[in-house]
Amino acid sequence: MSTETGQLQHHSWVEIGAALGVSKQAAHQRLAKAWASQLRDEIKTAHKAHKTALREGTPDEAAAATATRDALILEFKNASRRKKAA
């Protein structure tokens, strides 16, 4: 994940907007789509790695890929919950 989009998970849109000198809505419009797109791509990559590891018979690699995918999904869910709470 890039530094810019990776930092989004730790701050509210109000904080990000204030840091950029724009409203929370402007910050969200500028950054959220790129973050969600990048997160989606990372989840797909982890899922493909899981499937490949299962086909190749490497359960440790499959478990690691599953853990990565699950952590990414949790990151997305937590960001969604923070957005609803704000």
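Tutor: We begin with a definition: a residue is buried under 20% relative accessible area, exposed over 50%, and partly exposed in between, with a 1.4 Å probe and protein chains only. This is a predicted model, in which local features need pLDDT of at least 70, side-chain atom pairs count only at pLDDT 80 or more, and totals for chains, interfaces and linings use all residues. Residues are numbered from 1 along each chain as its sequence is written, and side-chain values use heavy atoms, with hydrogens and water left out.

Student: In what order do the elements of the protein run from the N terminus on?

Tutor: Helices (H or I, at least four residues) and strands (E, at least two) are DSSP runs, numbered from the N terminus. The protein has four helices and zero strands. From the N terminus on, the order is therefore α-α-α-α.

Student: What share of the residues of the protein counts as buried?

Tutor: The accessible areas come from the Shrake-Rupley method with a 1.4 Å probe, and for residues only the protein chains shown count as cover. The protein exposes about 6,000 Å², of which carbon and sulfur atoms supply 56%. Of its 86 residues, the share that counts as buried is 23%.

Student: How many salt bridges does a search of the whole structure find?

Tutor: Side chains of opposite charge can pair when their charged atoms come close. A salt bridge is a side-chain nitrogen of Lys or Arg within 4 Å of a carboxyl oxygen of Asp or Glu. Arg-40 pairs with Asp-41 in this way, with 3.3 Å between the closest N and O atoms, and Arg-69 pairs with Asp-70 at 3.6 Å, N to O. The search of the whole structure finds two.

Student: Is Arg-69 buried or exposed?

Tutor: Arg-69 lies in helix α4, which covers residues 59-85. Asp-70, its partner in the salt bridge, is partly exposed at 39%. The relative accessible area of Arg-69 is 17%, which is under 20%, so Arg-69 is buried.

Student: Which residues are in contact with Arg-69, leaving aside its neighbours within four places in sequence?

Tutor: Contact means heavy atoms within 4.5 Å. Leu-39 is 30 residues from Arg-69 in sequence, and their C-alpha atoms are 10.0 Å apart in space. With those neighbours left aside, the residues in contact with Arg-69 are Ile-43, Ala-46, His-47 and His-50.

Student: How far apart in space are Ala-64 and Ala-49, C-alpha to C-alpha?

Tutor: Ala-64 has its place in helix α4 and is partly exposed, with a relative accessible area of 45%. Ala-64 and Ala-49 are 15 residues apart in sequence. Their distance in space, C-alpha to C-alpha, is 9.1 Å.

Student: What separation do the C-alpha atoms of Thr-52 and Ala-65 have?

Tutor: Thr-52 is placed in helix α3 and counts as partly exposed at 32% relative accessibility. Thr-52 and Ala-65 are 13 residues apart along the chain. Their C-alpha atoms are separated by 9.7 Å.

Student: Is Lys-48 buried or exposed?

Tutor: Lys-48 lies in helix α3, residues 24-56. Its relative accessibility is 56%, which is over 50%. Lys-48 therefore counts as exposed.
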